[in-house]
Amino acid sequence: MATVVACSFAAANSSVRIPKPFFPEKEFGQALVISRRRVSAISASRICASMSVATPLSTKPDDLVESILSQVMQTDRGVLLSRNEHQRVAEVANELQKLCVAEPTKCPLIFGEWDVLYCSNPTSPGGGYRNAFGRLIFKTKEMIQVIESPDTVKNRVSFSALGLLDGEVSLKGKLTALDGEWVRVVFDQPELKVGGWEFKYGGESEVKLQITYIDDKIRLGKGSRGSLFVFQRREPLP
């Protein structure tokens with residue numbers, strides 16, 4: 001399936017002001033106590049942070065799903081994440097992959113409407129509209145993938161151009177299962193709508209995607225070049 005559409009401690013400096021001549025002994029002692037407390041607090045926070053990093057991931061599917069969603073939501077589909085944050089997303093995805101159903105390409109849960117929440121290569125979904133220059137001009141509003149039975153895929157990116165014109169790029173393609181995990185989608189020409197203009201451009205395109213996890217809430221996939229995608233179902237299943 002095509003998509004249209006990762007610890008550092010803050011330096012803490014605690015200093016003791018050198019007392020001026022005739023600095024009252026009582027106040028100087030209080031300053032030292034306060035400084036020691038600050039150092040102790042900083043050390044404690046570092047120890048707690050280290051413990052949290054070392055905490056093993058849950059093996060419960062629901063916990064892992066909630067974890068990955070909390071990490072990728074409100075990140076502009078991965079653009080705002082640091083390298084370490086991308087790595088933590090990948091770690092959760094790897095745990096979920098171990099729990100994936102057998103032959104997910106045959107699972108009916110793949111059908112429906114999906115929001116593209118995340119890509120480990122944030123410029124991949126959406127092409128030129130999502131690279132560094134494109135994001136200056138086009139503000140992405142929605143990135144949606146619809147999979148319809150038996151073999152239709154529709155990708156849609158809606159955007160605002162310079163905050164003045166609303167637009168949309170859409171793709172329609174045919175889905176083919178290559179095996180129990182991999183699928184291929186061949187897309188027709190992209191269609192662009194901006195304001196009152198509507199036209200097609202470019203040519204056909206083809207992508208391959210491995211489904212690594214799926215349930216009633218999310219779907220995970222990996223592109224042929226290793227990019228990780230996180231999709232969230234737009235509406236709950238009945």
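Student: Which residues have the most contacts inside the largest nonpolar core?

Tutor: In soluble globular proteins, nonpolar side chains tend to be buried together. A nonpolar core is here a set of buried Ala, Val, Leu, Ile, Met, Phe, Trp, Tyr and Cys residues joined through side-chain atoms within 4.5 Å, where buried means under 20% relative accessible area, exposed over 50% and partly exposed in between, computed with a 1.4 Å probe on protein chains only. The largest such core has 19 residues, and those with the most contacts inside it are Leu175 and Ile214. At least two residues of this core come from each of strand 1, strand 2 (138-148), strand 3 (152-161), strand 4 (165-177), strand 5 (182-187), strand 8 and strand 10; helices (H or I, at least four residues) and strands (E, at least two) are DSSP runs, numbered from the N terminus. Another core, of 18 residues, lies apart from it and includes Leu69, Val92, Ala93 and Leu96.

Student: On what basis are the residues numbered and the values computed?

Tutor: Residues are numbered from 1 along each chain as its sequence is written, and side-chain values use heavy atoms, with hydrogens and water left out. This is a predicted model, in which local features need pLDDT of at least 70 and side-chain atom pairs count only at pLDDT 80 or more, whereas totals for chains, interfaces and linings use all residues.

Student: Which residues does Ile214 touch?

Tutor: Contact means heavy atoms within 4.5 Å. Leaving aside residues up to four places away in sequence, Ile214 touches Cys100, Val101, Pro104, Cys107, Leu109, Ile110, Trp114 and Arg219.

Student: Which residues of helix 3 are buried?

Tutor: An α-helix has 3.6 residues a turn, so residues three or four places apart point the same way. In helix 3, the buried residues are His86, Val89, Val92, Ala93 and Leu96. They cover an arc of only 120° around the axis, which puts them on the same side of helix 3; the arc is that of the directions from the helix axis to the C-beta atoms. The buried residues of helix 3 pack against helix 2 (61-72), strand 1 (112-119), strand 8 (205-214), strand 9 (218-223) and strand 10 (228-233).

Student: How many salt bridges are there?

Tutor: A salt bridge is a side-chain nitrogen of Lys or Arg within 4 Å of a carboxyl oxygen of Asp or Glu, and by this rule the count comes to eleven. In one of them, Lys141 pairs with Asp166, their closest N and O atoms being 3.4 Å apart. Because Lys141 lies in strand 2 and Asp166 in strand 4, the pair ties together parts that are 25 residues apart in sequence. Lys141 is partly exposed at 47% relative accessibility, and Asp166 is partly exposed at 48%. Glu168 forms a salt bridge with Arg156, with 3.7 Å between the closest N and O atoms; since Glu168 lies in strand 4 and Arg156 in strand 3, this pair joins parts that are twelve residues apart in sequence. Glu113, Asp115, Glu142 and Arg234 are linked in a network of salt bridges.

Student: Is Ser160 buried or exposed?

Tutor: Ser160, in strand 3, is buried, with a relative accessible area of 13%. Not counting residues up to four places away in sequence, Ser160 touches Ile137, Phe138, Lys139, Lys141, Leu165 and Asp166.
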